[in-house]
Amino acid sequence: MRSLKQLTTDLIKKPPILFPLVGLFHILWLLWTIWDDRSVPVPSIAWLEVVWMAGYITFWLAICDMRKWGALGYILLTIVNTSLYLAIRQHKIPQDYMSNMFELDALFSFFALFYYKRLE
């Protein structure tokens, strides 16, 4: 069992420098989303973006810890989000059901795939 200090050190020093920077970007985007939706009541569908971001952050932190399950989960979450985007464009479904940064998530998925063989 690793201590919190050892885990933090591993998340920053084990992966290539791009991975912790993307993780920081995800955390900052989550904070921005919470700040942006602060006036919306909590059980509203607009808070689904926070759930998306929490999933992306969880899987990306696993990628920063060099875990294959993190990469697979992140890619699967991106596929679900992109599928929702394509379905929303063809129907009259509100855009609150998907993450707003699906294009960047697709790009980050390619980074995860590029380093997949190096993950544990």
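Tutor: Happy to! L24 lies in helix α2, residues 18-36; helices here are DSSP runs of H or I with at least four residues, numbered from the N terminus. The model is predicted, so local features need pLDDT of at least 70 and side-chain atom pairs 80 or more, while totals for chains, interfaces and linings use all residues. Residues are numbered from 1 along each chain as its sequence is written, and side-chain values use heavy atoms, leaving out hydrogens and water.

L24 has a relative accessible area of 46%, so L24 counts as partly exposed (buried is under 20%, exposed over 50%, partly exposed in between, with a 1.4 Å probe and protein chains only). Together with I27, L28, L31 and I34, L24 makes a nonpolar surface patch of about 430 Å². Such a patch joins nonpolar side chains within 5 Å, from residues with over 30% relative accessible area and no salt bridge (a Lys or Arg side-chain nitrogen within 4 Å of an Asp or Glu carboxyl oxygen). The areas are Shrake-Rupley values.

Now the core. The largest nonpolar core has 22 residues, and F19, Y56, W60, I63, Y74 and F108 touch the most other members; a core joins buried Ala, Val, Leu, Ile, Met, Phe, Trp, Tyr and Cys residues through side-chain atoms within 4.5 Å. Helix α2 supplies at least two residues of this core, as do α3 (48-64), α4 (68-90) and α5 (102-114). The most come from α3, with 8 residues. Beyond four places in sequence, Y56 touches residues including H26, Y74 and D105, where contact means heavy atoms within 4.5 Å.

Methods
Patches are made of residues with over 30% relative accessible area and no salt bridge: like charges are joined within 9 Å, nonpolar side chains (Val, Leu, Ile, Met, Phe, Trp, Tyr) within 5 Å. Accessible areas come from the Shrake-Rupley method with a 1.4 Å probe; for residues, only the protein chains shown count as cover.
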